[in-house]
Amino acid sequence: MLQYVARRLILTLPVLFGILLISFMLTHISGDPTDLILSPDTPDEARELFRRKHGLDQPIWVQFYQFCVHALQGDFGNSLRFNEPATKLVLERLGATTELAVTAMLLAILVGVPAGVIAAYRRNTAADVAVRTITLLGQAVPSFYLGILTIIIFAVWLRWLPSGGRGTWLHLILPATTLALNLVALIARTTRSCMLDVLNQDYIRTARAKGLGESWIVWVHALRNAFIPVLTVIGLQVGLLMGGVVVTETVFSWPGVGRLAIQAIYARDFPVVQAVVLFFALIFVGVNLIVDLLYAVLDPRIGYR
Amino acid sequence: MTIATLPLQNDDDLPPRRSLSRIVLKRLLTKPAAVFGLVIILLFVAFALVPDLFSPHDPYAQSLIRRLKPPSFLDRGVDGYLLGTDHLGRDTLSRIIHGARTTLLVSLFAVVVSAVVGIWAGLVAGFFGGKTDAVILRLIDMQLAFPVVLLVIAIVAVVGPSLTNLIVLMGLSAWPRFARIVRGSVLSVRGLEYIEAARSIGAGKLRIMLRHILPNILSAIIVYASFELARMILLEATLSFLGLGVQPPTPTWGGMINDGKNYLSISWAVSLFPGVAIALIILAFNLLGDEIRDALDPQLSHD
């Protein structure tokens, strides 16, 4: 078990290296990083001073090495906008983002999985068609547009809910629902197709033959086995969730990491951008590691190879 | 799109020449979902090709007295401005029609970029196997393992949102998915007899890959490209909503929604209608992809 975890951790190293390389390159793609940060009419001496102060006069690989060393210590330098450590800014907004993302994920699982199960069990009935239609629509409507739509309906027309900001649980409803919808569509679709496979297996017939109740068979025997691929999809969708977080937080003025990222990008506040990129990558890698480990718990046939 | 433009031939006296694309087209035309998708796509393609033919007004014409008007079928609406006007008094319908060009152009070429890179990578990985395969697979995994949207946003912000930059970056964000599909398909045909036959008459590796393997996995690629187009349209809309797409005053659907965002409580129509266009075209490509897949292989039920 420990050996498996260790090997999985080692496998994530190239990914992390790639992410480090890309976020380092962000400030170098368009040539001189000082152009990005200083105003165009900065005198050359000041430029030179800035370069020396930030190590930009070093060879590129030395700069990259320095960047990696600092990044691994969680140090991305100070935000150019707030003059505070970038890492601190990210961590401050972590709570808001976690609140939003976890709520959305729970909502998506609680709606998506049962919807998929029912659609598979009552295949080709009205319930199935309804679930399939909603999943198709859920994939077609961009999350930022869904956000705008819910604001129009629930904040502008009905005046039931606030259109943005963070505060009471009422503020959470619209952004969380918006963020959840695309996930619901994906989870329901995957659950449905996995359940269809599982429901045709021999052991389901065996369970019926020995007289188990239908609902026990469907929700316990079948779902447990259908859940493994669903879990993979959920794990991989954490990436989608992060993209969604960026957009949803922007639409609803939710004070989280995603909105910080967009604001930092607009302001060319690169230390913060780099911190967010690396931070999201870490979460993504971590979640997928956990998903891999959960496999073995859910399905004893999968060993820790 | 090649499928849709095939000339229909008169097959009264000859035994019917049954090319795969004709059979597929015939099957598609019997499916309401596929016809719906095709009609929507053709409509938007027409908008993109000759927008001036359809748009009632100049999409750039501003007017201070016509600002933020609701749709003409509602109270206070102005005749001739069916979907209302935006904060600069520009006609929403005309801007949606003209916006089709940007969206379709960027998305189509982004899919071409990702397809070219992905197909090559997939062909090489699947055909050569071994170390080459391992390296390409690792690259694929690495890129798939990351929320690419965020990176695309960050890189676009640095290099600037020009048309070329958008196409290349969006394309490069999607190649691993193509490569994976192609690699899988190559593996499934690689061991078949006709490849062996081609090799035994001395066909070179490049020739086998391009003349023998590629045509046989083309249908899988076409189906996948349809889904990928939907995905790219979504990404383009998201980028332009965030202000990182093709820059104003060129109308983009995402940009229009963003423009209207600040006026939601006064005039919700500005943001509402461009989103309908986005959802329709994405739905159309997803439906078409589903239906082409079923039409190519009716035995398989894809649930």
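Trainee: What's the handedness of the crossing of α5(A) and α8(A)?

Mentor: That crossing is right-handed, meaning the near helix is turned clockwise from the far one by less than a right angle. Keep in mind this is a predicted model, where local features need pLDDT of at least 70, side-chain atom pairs count only at pLDDT 80 or more, and totals for chains, interfaces and linings use all residues. Residues are numbered from 1 along each chain as its sequence is written, and side-chain values use heavy atoms, without hydrogens and water.

Trainee: And which classes do the residues of that contact divide into?

Mentor: The contact of α5(A) with α8(A) has 26 nonpolar, five polar and two charged residues.

Trainee: OK, chains now. How many residues of chain B are in contact with chain A?

Mentor: 39 residues of chain B touch 46 residues of chain A, with contact meaning heavy atoms within 4.5 Å.

Trainee: What area do they bury between them?

Mentor: About 3,700 Å², with 80% of it on carbon and sulfur atoms. That's the accessible area (1.4 Å probe) lost on putting the two parts together, summed over both.

Trainee: Which element gives the most to chain B's side?

Mentor: α11(B), with ten residues. By class, the side of chain B that touches chain A has 28 nonpolar, eight polar and three charged residues.

Notes: Chains are lettered from A and ligands numbered from 1 in the order in which they are written. Helices (H or I, at least four residues) and strands (E, at least two) are DSSP runs, numbered from the N terminus. Ala, Val, Leu, Ile, Met, Phe, Trp, Tyr, Cys and Pro count as nonpolar, Asp, Glu, Lys and Arg as charged, and the others, Gly among them, as polar.
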